[in-house]
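Hello,

Here is the structure for your files. My notes on its salt bridges follow below.

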Amino acid sequence: MSRRPANKNNWFRSKTIIFLFHTISILGLGSGCVSRGYSYQGNPLFGWMEASGEVRTTDPFPILKRYPTFHAIDFEFPVGGKYADGYYLAQKFGTENAKFGGRKHLGEDWNALTGGDSDFAAPVYAFGNGVVSEIADYGGGWGKVVRIVHIQNLANGNIYHLETVYAHLHTIDVEPGQLVKKTEWIGTIGDAEGSYPAHLHFELRSKVGAPLGGGYGLSTDGFLPPTRWLMQYGPKEKSFNEETFQWIGEKNGTL
C-alpha cells in the first residue's frame with residue numbers, strides 16, 4: 001500500500017501528475033502505434049485498468065486493399081473446431097448481468113464441457129479470413145486481447161466490414177498486420193491473470209475500430225450475436241443454435 005504524502009500540497013501535486021499520466025496514455029501522445037500504462041475502456045464498471053504490457057495496432061484496410069481476394073466468405077467457431085465440439089455457451093450474447101447493473105453481455109463466453117480451468121491454454125482460432133488489427137495486454141478485466149478485421153464478401157455482391165475480439169487470452173500468437181485464415185490458430189484460452197475461470201470472451205462487431213469498451217453495455221448497437229451469425233454464414237452440415245450449446249452445458253452439469 002502506498003503512503004499518502006504528509007504535505008497536502010504534495011498530495012494534490014501527486015494526484016495532478018497521475019491525472020496527466022492517464023491523459024497522455026489515453027491519447028497515445030508520442031507513442032505512435034504503441035502505448036503502455038493505463039487504458040480507460042469507457043465503462044465505469046471497470047474504471048482504470050493497469051496494463052501489464054504494450055498495445056500494438058495497425059490500420060488493416062491498406063493491407064486488405066493489397067489483397068483484394070482475401071475476403072471472409074464464411075466463418076467457423078473460434079473454439080473446438082467447426083462446431084465448437086467440447087464447448088458450451090456459459091453466457092450468451094445479450095444476457096443481462098445483475099453484477100454489472102443489468103447491462104447486456106456484448107459477446108459470448110465459451111467454456112470447455114469438462115469445466116473449471118480444463119480449457120486453459122486450449123487453442124483459439126480465427127473466426128474468418130482477416131487482418132490482425134490489434135494485440136494488447138490490458139490487464140484488469142480484459143487481460144490479453146486480439147482484434148481482427150474482416151471484409152465479408154457475399155455471393156450477391158454485398159460487402160460488409162466486421163471485427164472480431166478475442167479476450168482473456170493466455171497467449172497471443174499473431175502480430176498486427178498479419179493475414180490470418182479462417183480456423184488459423186491465433187492464441188490460447190486464458191483467465192485474465194486469474195480474474196476468472198479460464199474461458200474465451202468472444203465478440204463480433206459491425207462497427208470496426210470502435211473503443212474496446214467494457215464487455216457489457218446498456219445497448220447492443222454495433223455488436224452482433226456470433227452463434228446466430230454462424231447459423232446464417234457458418235458451416236451447414238448440421239443445424240445448431242444458442243440453445244443447443246446451453247443445453248449441452250446443463251446436461252453435463254458444467255453451467
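Lys92 is buried, at 19% relative accessible area (buried means under 20%, exposed over 50%, partly exposed in between; 1.4 Å probe, protein chains only). Lys92 pairs with Glu243 in a salt bridge, with the closest N and O atoms 3.2 Å apart (a side-chain nitrogen of Lys or Arg within 4 Å of a carboxyl oxygen of Asp or Glu). Lys92 sits in the loop between strand 5 and strand 6 (96–97), and Glu243 in helix 4 (residues 242–251), so the bridge ties together parts 151 residues apart in sequence. Glu243 is partly exposed, at 44%.

This is a predicted model: local features need pLDDT of at least 70, side-chain atom pairs count only at pLDDT 80 or more, and totals for chains, interfaces and linings use all residues. Residues are numbered from 1 along each chain as its sequence is written, and side-chain values use heavy atoms, leaving out hydrogens and water.

The structure holds eleven salt bridges. Lys182 forms one with Asp74, closest N and O atoms 2.9 Å apart. That pair links the loop between strand 13 (179–180) and strand 14 (185–189) to the loop between helix 2 (61–66) and strand 5 (87–91), 108 residues apart. Asp74 is partly exposed, at 32%. Lys182 also bridges to Glu76, at 3.6 Å between the closest N and O atoms. Glu76 counts as buried, at 11%.

Overall, the protein has four helices and 17 strands (DSSP runs numbered from the N terminus: H or I, at least four residues; E, at least two). Of its 255 residues, 46% are buried.

Best wishes
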